[in-house]
Each structure stands twice: as C-alpha cells, then as structure tokens.
Amino acid sequence: MISYYSTNRHAPQVALDQALLQGQAPDRGLYMPTHIPPIATEVRKNMHRLSYPDLAVRLLSPYAQGVFSDDELGDICHDAYNFDVPVEHVCDNRHLLRLDRGPTASFKDFAARFMGRALGRLVARQGRELLILTATSGDTGSAVAHAFSGVPNIRVLVLFPIDEVSDRQRKQMTTLGGNVATVAVDGKFDDCQALVKRAFSDADLQGLNLSSANSINIGRLLPQSVYYAYAAAQVSDVASGEPVVVCIPSGNFGNLMGGMLARQSGLPVARFIAATNINDEVPRFLASGQYQKIEPSLAAISNAMNVGHPSNLARLVDLYGGHIDERGAMLQQPDMERLREVVFGISIDDAQTRQTIRDVYAAHNALLEPHGAVGWAGLDAFLNTEEGAAFHKTPCVSLETAHPAKFPDEIVALLGISPDLPRSLQGLEELPESYGNMSTDYAAFKALLQREYAG
Ligand SMILES: *Cc1c(COP(=O)(O)O)cnc(C)c1O
C-alpha cells in the first residue's frame, strides 16, 4: 500500500485519507507518495480507448488502495469528470489540450472536483464536520467553491481580495450560497493568504476542523496526473513507448508535478517545458542551479501564474534528491543534471504572450487566452533551441488551462472578437450575489470564525 511522506522528513508517514484531510504535513512539508506505481500493461495498451473517468479510475486506484475501493473511486471519477477533455490538433505535430470545459472554466476543476468528492466521503465516514478555508486570487476559489457546493458536512469559506478579482470571477463564487460563504477582504491576495495561514496555526481554532484544499494538498496533485496520460494516448502510440513533449504554463507548479508523477509511472514524456510569465524564478533556477524567490510576485496578464515562490517546487526538488524548505532555503541541492534532462524552463513576457494570441489565431484559427499562450510560446521557443531540434517530429501537447471567455477584454483588444461564453459562465449576471466584507485584521477574522463556525 502506498503511504505519504513529508518532503521535510520530520513528520510520520500517513495513509491517503490523512494526507487529504491534513493538506500540509505537521512539519510544514508537502506529502509525496512513498512509491509511484507503474502504469499497468493492460491500461497502457488500452489507454487510447478508455473514457476519461475510466482512465482516471485505473491510474488513481493504486494511490487510493486501502482508502477508496475501485467502486468508490469509480463513483468519484464519473461524477467529477462529466465534461469534455478536447485534444485539438493545431498544426504539424502540435496539439492543444483544452482543460477549460469544467464548471468554472479552468483546469483547477480537475483537482477540485476530485477533492470535493473524496473529502465528502471521508467526512461522511467519520461523522464529523469540516471547514474548508481558502484564500484565492480568482480561479482556485471558484473551482473549490463549486466542487464543495452541496457536499454534506462540509462548509466552505473563501477569502478574496476585493479589488483583485474580476467581476466574473467574483460572481462564480458569490452566487452559490448554501454551504459556500465568501468574504471580500479590503487588501491584497497576500493579506487573504496570511489570514488563512494564521488561522491554520491558531491553537484556539483547532476545534473547527479546518482544511485547506489548496494546491499543496496531494489530493489536488494526483488527479492532475491523469490528463497527461489521456492526451498522450490520443497523439502518440503510448503502448509502444512513442515519446511526447508536453508544455505546461506554470505558476505554483502543481500542474507540472502532476505530469512528473505520470512520467515517473512510465508515461513516455521525453521532455516537459515549464513555461512561466515574468515570474521566472524556476527557469532561472534550472539554468543556474541557484534558487531565488521573487517577492512580492510580479503582475502579468496570465494572472493565475503570478507566483514568485511556488510551493510545489519542494516536491520537484524532493523527486530529484534535494530538499528545499517552505521559505525557499535550498538545504540540499537536487540532481540538476537529471532534472534538466526532463524539464526545460522558459519565461515568456506579456508582449510575447499577446503576440502569440494574435499569431496562433491568425495562422491556425485557434483561440488561446493568456495562460495557454504562455505555454504555446514556451513550446515554440523550446523547439527553436538546438536541443529542441531533435523533437521536430515528436508529437507535442501544450496545455490550455483556462477558457478564453474568462479574459474577454484581452481577447477583444487583441483579436477584435468576443469569445463565446461556455454554458458554465452563462447567466451569472442575473444571479443574486451574497458576500461579507472584512478588513485585514486577524482578530476580527478569528471572531467571525468562532461566531459562525464553532460548535
Ligand atoms: C492556477 C493556474 C495556472 C498555474 O497552475 P500551477 O499548477 O499553479 O502551476 C495556470 N493557468 C491557470 C488558468 C490557472 O488557474
């Protein structure tokens, strides 16, 4: 059976249910599986024929053994993955994997919907209540709120910075009601995150049974390994080991870590391209071996990737034999040579991002939004390097992580067209909103938690 250890190595190994419920390990490390199970031969052979939820069950089953039966996992995955996962051919051997067809139109739905259902089952077994506390700069909050909406015995409280989320992003969270409450904080995303972090470490609030569902939770990572296999099987002969190149627009690097798990389990990924916006601390680390976080993070139009110190770097470093703590101190350098053989880092600025949206639309009639455009530009840049020349015939997949309709102003300004709203975003305008308001004062936040959620 697979257990989960902390990247800081000072916490006991736990089973999947504990790892899901705790989120972060008690020593502030991140949980990693003790063993990465190889993809079964029978699954590998039939991968291109399996539906998305069926493939998810096959691949996640070894990780969940002893905690969720295959039947339970089947229910979770079929219920969670009831939307399309298009692999779109764009040109030559290049494809787009559109991960934007879930209810909140971002790839975060893949992880959040799995987490919502998995945690829902765990609390039902234990007969206790859980409060999911999340700070968001936009996409995570709505994905988590939707995923947990209506789950019995779980309540959700989302804190968002009042001036930093778009109207559409806010309405995706504030119109749900029921077990989902939202509070607009008169501050920045960092203030929201600081309030949440302090609540987690506040001994007075232990009785509230808090959980985070943020991207440090291993439950967010595991389901993000599935679409790599799904997409690879559509574009290459995975069963006979034909390699693929995959490009991932990256911020907190949870998405890349999902891909790394899939590769470790035998998926023939020849190279991952980790494309960032101007928050280029990871590409610089890959190039120089020196890690320096960017604080505060820089603003770019691909705003969900404005991360100056990605928490999942701890997992990537761990996978290659190193150790970095949560503040960004490199206590043990990973094997950089091996890491570079697998991950190519590249930073794309806003001007390149915008030009890519224009070029790809003009040349191939394919619509990108800023995050996906960073990815596409990163793939292009890689293929134009000396190293990349070896991959000109290799099938390539670039990830599109959000729906273009989430960025209407940018798309209209660049292309003069207004992207069609997906069904999930239609009708939001008419729904009544409800949310609280708060300052950045911790005492007031604590009082609210004790008043509304204790007992
Ligand atoms: C969160 C997010 C990303 C970054 O993903 P990480 O796993 O944090 O690297 C990229 N694009 C969009 C649209 C996102 O919401």
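The questions and answers that follow concern a predicted model.

Q: How many cavities of 30 Å³ or more does a search of the whole structure find?
A: Rolling a probe the size of a water molecule over the atoms shows where empty space is left. In this predicted model, the largest cavity holds about 60 Å³ of space, and the second largest cavity holds about 40 Å³. With the limit set at 30 Å³ or more, the number of cavities found in the whole structure is 2.

Q: Which element gives the largest share of the lining of the largest cavity?
A: The lining of the largest cavity includes Tyr 227, Tyr 228, Ala 231 and Ala 232, along with Val 244, Val 246, Val 397 and Leu 399. Two or more lining residues come from each of α10 (226-235), β9 (244-249) and β14 (396-400). The largest share, 4 residues, belongs to α10.

Q: Which helix gives the largest share of the lining of the second largest cavity?
A: The second largest cavity is lined by residues that include Leu 60, Tyr 63 and Ala 64, and among the others are Leu 16, Phe 68, Leu 73, Phe 114 and Leu 222. This lining divides into 8 nonpolar, no polar and no charged residues. The largest share, 3 residues, comes from the helix spanning residues 52-64, namely α3.

Q: Which residue has a side-chain N or O atom 2.7 Å from a nitrogen atom of the ligand?
A: The ligand is surrounded by 15 residues, and the closest are Lys 108, Gly 251, Asn 252, Asn 255 and Thr 401. Gly 251 places a backbone N or O atom 2.8 Å from an oxygen atom of the ligand, and a backbone N or O atom of Gly 254 lies 3.2 Å from a ligand oxygen atom. The side-chain atom 2.7 Å from a nitrogen atom of the ligand belongs to Thr 401.

Q: What percentage of the area that the ligand exposes when taken alone does the protein bury?
A: The shell around the ligand divides into 6 nonpolar, 7 polar and 2 charged residues. Taken alone, the ligand exposes 380 Å², and the part of this area that the protein buries is 96%.

Key. Residues are numbered from 1 along each chain as its sequence is written. This is a predicted model: local features need pLDDT of at least 70, side-chain atom pairs count only at pLDDT 80 or more; totals for chains, interfaces and linings use all residues. Side-chain values use heavy atoms; hydrogens and water are left out. On a 1 Å grid over the protein atoms alone, a cavity is a set of points where a 1.4 Å probe fits but cannot get out, and a pocket is an open set with protein on both sides within 12 Å along at least five of seven lines; lining residues have an atom within 4 Å of a point. Grid points are joined across faces, edges and corners, and a volume is the space filled by probe spheres set on the points. Ala, Val, Leu, Ile, Met, Phe, Trp, Tyr, Cys and Pro count as nonpolar, Asp, Glu, Lys and Arg as charged, and the others, Gly among them, as polar. A residue is near a molecule or strand if one of its heavy atoms lies within 4 Å of it. A polar contact is a pair of N or O atoms within 3.5 Å; within protein, one must be able to donate a hydrogen and the other to accept it, and residues adjacent in sequence count only if both atoms are side-chain atoms. Accessible areas come from the Shrake-Rupley method with a 1.4 Å probe; for residues, only the protein chains shown count as cover.
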